[in-house]
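I opened this model to look up ring contacts, helix packing and backbone phi values. My entries follow.

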Amino acid sequence: MNSTTARRPARRAALAVGLAAALALPLGLTASAQASAGTDQPRSISGKPSDSVTRIADFYGAYIDAQSDPDNGGKLVDALRKYYVSASYLKELKAWEDKNHADGVLRAQNVPVRWKVTDNGTADHTEAVVTLTWGDKTTTKLIVDMTRSHKVFHIGTKGIGGK
């Protein structure tokens, strides 16, 4: 075997590696651009139990999770309502549900695919806007009012102050 024949496999290997690197370079740049755009970055969610907006977000997150389960949350949905909603407002929710044939917390017959809670101001209570996103990408905005002792006492399209 001469030296030219011995170098051919090495040249072929080097050519293959170079070609693979050249083809992978744009893919690597795309991946880097996506990572820098935040798609591959770890997310963090924070809150504190003393904050009413966090409490409303916790309630809606847990409630939607429970309703999304195959058995529609069963006892967990009831437990969440009892824990987060004032006893007097539970009666109003039940009356609303009987009249409208829908879930009073979600104000719908379906379960949203996403939710977001935004502070809407505080006076003697906390008011938050809960934005529910549905499977068809439409949204519904609800106003949720919570006492300083962290009990929901109103859910509707307007807050108790009329906002």
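I first looked up ring pairs and found 4 aromatic pairs in the structure. I paired rings of Phe, Tyr and Trp (its six-membered ring) with centres within 6.5 Å; planes under 30 degrees apart count as stacked, over 60 as edge-to-face and the rest as tilted. One aromatic cluster is formed by Phe-59, Tyr-60, Tyr-63, Tyr-83 and Tyr-84.

The model is predicted: local features need pLDDT of at least 70, side-chain atom pairs count only at pLDDT 80 or more, and totals for chains, interfaces and linings use all residues. Residues are numbered from 1 along each chain as its sequence is written, and side-chain values use heavy atoms, without hydrogens and water.

Next I checked charges over rings (NZ of Lys or CZ of Arg within 6 Å of the ring centre and within 35 degrees of the ring normal). Lys-151 has its charged end over the ring of Tyr-83, 5.6 Å from the centre. Arg-107 lies over the face of Trp-96, 4.2 Å from the ring centre.

I stayed with Arg-107 and read its phi: near 55 degrees, positive in a residue other than glycine. Most residues other than glycine have a negative phi. Arg-107 is in the loop between helix H4 (87-100) and strand E1 (114-122). Helices (H or I, at least four residues) and strands (E, at least two) are DSSP runs, numbered from the N terminus. Lys-137, also not a glycine, has a positive phi of about 75 degrees. I found Lys-137 in the loop between strand E2 (126-133) and strand E3 (139-146).

Last, I looked at how helix H2 (residues 52-68) packs with helix H3 (residues 74-84): the angle is about 165 degrees and the axes are 9 Å apart. Axes are lines fitted to C-alpha atoms, for helices over the stretch in contact, with angles from 0 to 180 degrees between N-to-C directions.
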